[in-house]
Amino acid sequence: MTIMKAKHLTLDDRKAIQEGIERRLSKTAIAKSISKDPTTVAKEIKLHRTVKQRNRFNSPVMCAKLKECKKPRKFCSESCIDYVEQPCTMRDRSTGACNHCEKISRCRLDHYFYNANTAHEAYLFHLSDSRKGVNLSEAERSIIAQTIAKPLKAGQSLYQILTNHPELGISVKSLYTYIEGGVFKEFGIDNFSLRRQVAMRERKRLKKRREPVNYEGHKFTDYLAFIKDNPFIPTTEMDTVYNQQEGPYIQTFSYQNTCFINGFLHPEKTSESMASTLDYLQKLLGNDYFKLFSLILTDRGTEFEKVSLFELEAETGKLRTNIFYCDPQTPSQKPHVENNHNYVRNILPNGRKFEGLTQHDLNLLFSHINSVPRKVLGGRTPYDVFSFFYGEEIIHKMGIRRIDPDEVTLQPFLLKI
């Protein structure tokens, strides 16, 4: 059979690849069904599949050399120089992904998933990005900057400069775009260097383009499967509270088994800002971090969409948290944090500006909320239940203290902002 060559895979091709994986066909069989080379299919799956790392908190080290290794088991870890990740013949050599694998519920290896729509969106994004982005190498950027810097200071227009330097091989329009986008800013060339800038209408500012979000392996159904297999790992629900679109924002954590809640103040509503809290807590709590944040359930807000920032340690890339996302527009799937927000709203009602709010204020607010007896806890307070399970030292590290029952205040005047 003659293989028909095409430059790019289409969405239909990718859907056929996903269907083939779900039917547990080999990459060679999938390639034959869409008239592509097997290496093309293999590269496509490897490039666009997403990984759901295994739970490393109560699973043994999955080393392929475990049986033949002569070292004591207590020294066995992934940091060992002889460590080799245990392979999966079906995943690595045959299908390339774990979609619809009948052994997935019992498998303790890392899981890989391929989704046609997500893969195609990622492909289109990178294709568009490569065409719209800065199409210059570092050397080319430096040469252009050094060439145009002196003439610009002398008052020459870009047209005049490029006419005298055709070797630059760039159009006037592209050069204007690069300068206005700050490509040559470190060379002292910006908008004010342009002779016509004052007379020209201000162009639309370049806006950072969002990459498509992929929740494969992190959906609510995946969460239900995870807690079924790991019933002893407690869930922490994560959310955000704010009153003005411009911020500031309060990132909240509610611990399901205790009703305890705390929060952290952020100037930005981004994944980078929110994930930095986990970085901070991991350093603050040490090994106690895994008691509280091994499993997080949150919504699909833009501030939580970069999965790897929350799941993986920034320095080592190791899994630190299993994060899952509720279905769209379904806050009832994380009821504990939503119920706790009712207490937050008693003190910070809608419409009240958060300007002037400090982390010290938040710690005071949550100290009062956690000192309120709850019927669901048999009349005990979240503070008491949390300290019973985890100890008061963790509570104090997070800035929360016990409030005398007669001193508990759930009114706006608690905070002087």
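Where is the place of Ser35? In this predicted model, for which local features need pLDDT of at least 70 and side-chain atom pairs count only at pLDDT 80 or more, totals for chains, interfaces and linings use all residues. Residues are numbered from 1 along each chain as its sequence is written, and side-chain values use heavy atoms, with hydrogens and water left out.

View 1. Ser35 sits in the loop between helix 2 (27-33) and helix 3 (38-48), where helices (H or I, at least four residues) and strands (E, at least two) are DSSP runs numbered from the N terminus. Although Ser35 is not a glycine, its phi is positive, at about 55 degrees, and the residue is buried at a relative accessible area of 17%; buried means under 20% relative accessible area, exposed over 50%, and partly exposed in between (1.4 Å probe, protein chains only). His100, also not a glycine, has a positive phi of about 60 degrees and lies in the loop between helix 4 (89-95) and strand 2 (111-113), but His100 is exposed, with a relative accessible area of 58%.

View 2. Gly247 and Pro248 are joined by a cis peptide bond with omega of about 0 degrees, and Pro248 is placed in the loop between strand 3 (236-241) and strand 4.

**View 3. The largest nonpolar core.** This core has 42 residues, and those with the most contacts inside it are Phe253, Leu281, Leu292, Phe293, Phe366 and Phe386; a nonpolar core is a set of buried Ala, Val, Leu, Ile, Met, Phe, Trp, Tyr and Cys residues joined through side-chain atoms within 4.5 Å. Helix 10 (residues 271-285) supplies the largest share of this core, 5 residues. Not counting residues up to four places away in sequence, Leu281 touches Phe253, Phe264, Gly286, Tyr289, Phe293 and Met398, a contact being heavy atoms within 4.5 Å. A second, separate core of 16 residues includes Ile148, Ile161, Leu175 and Tyr178.

**View 4. Helix 15 and its cover.** Within helix 15 (residues 382-390), Pro382, Tyr383, Val385, Phe386, Ser387 and Tyr390 are buried. The elements that cover these buried residues include strand 4 (249-255), strand 5 (260-266), helix 11 (289-293) and helix 16 (392-397). Just after helix 15, Gly391 adopts a positive phi of about 90 degrees.

**View 5. Strands 6 and 7.** Strand 6 (residues 295-298) pairs with strand 7 in the parallel sense over 4 bridges, pairing being assigned if DSSP finds at least two bridges between two strands. Thr298 stands opposite Tyr325 in strand 7. Strand 7 (residues 322-325) is covered on both faces, with Asn322 and Phe324 buried on one side and Ile323 and Tyr325 buried on the other.

**View 6. Cysteines.** With a disulfide defined as a pair of cysteine sulfur atoms within 2.5 Å, the count comes to 0 disulfides. The closest cysteine sulfur to that of Cys107 is in Cys88, at 6.0 Å, which is too far for a bond. Cys107 is partly exposed at 28% relative accessibility, and Cys69 is partly exposed with a relative accessible area of 35%.

**View 7. Confidence along the chain.** The protein chain has a mean pLDDT of 84, and 87% of its residues reach 70 or more; pLDDT is the predictor's confidence in each residue, from 0 to 100. Over residues 196-207 the pLDDT is below 50, and this stretch has 9 contacts in the model beyond near neighbours in sequence.
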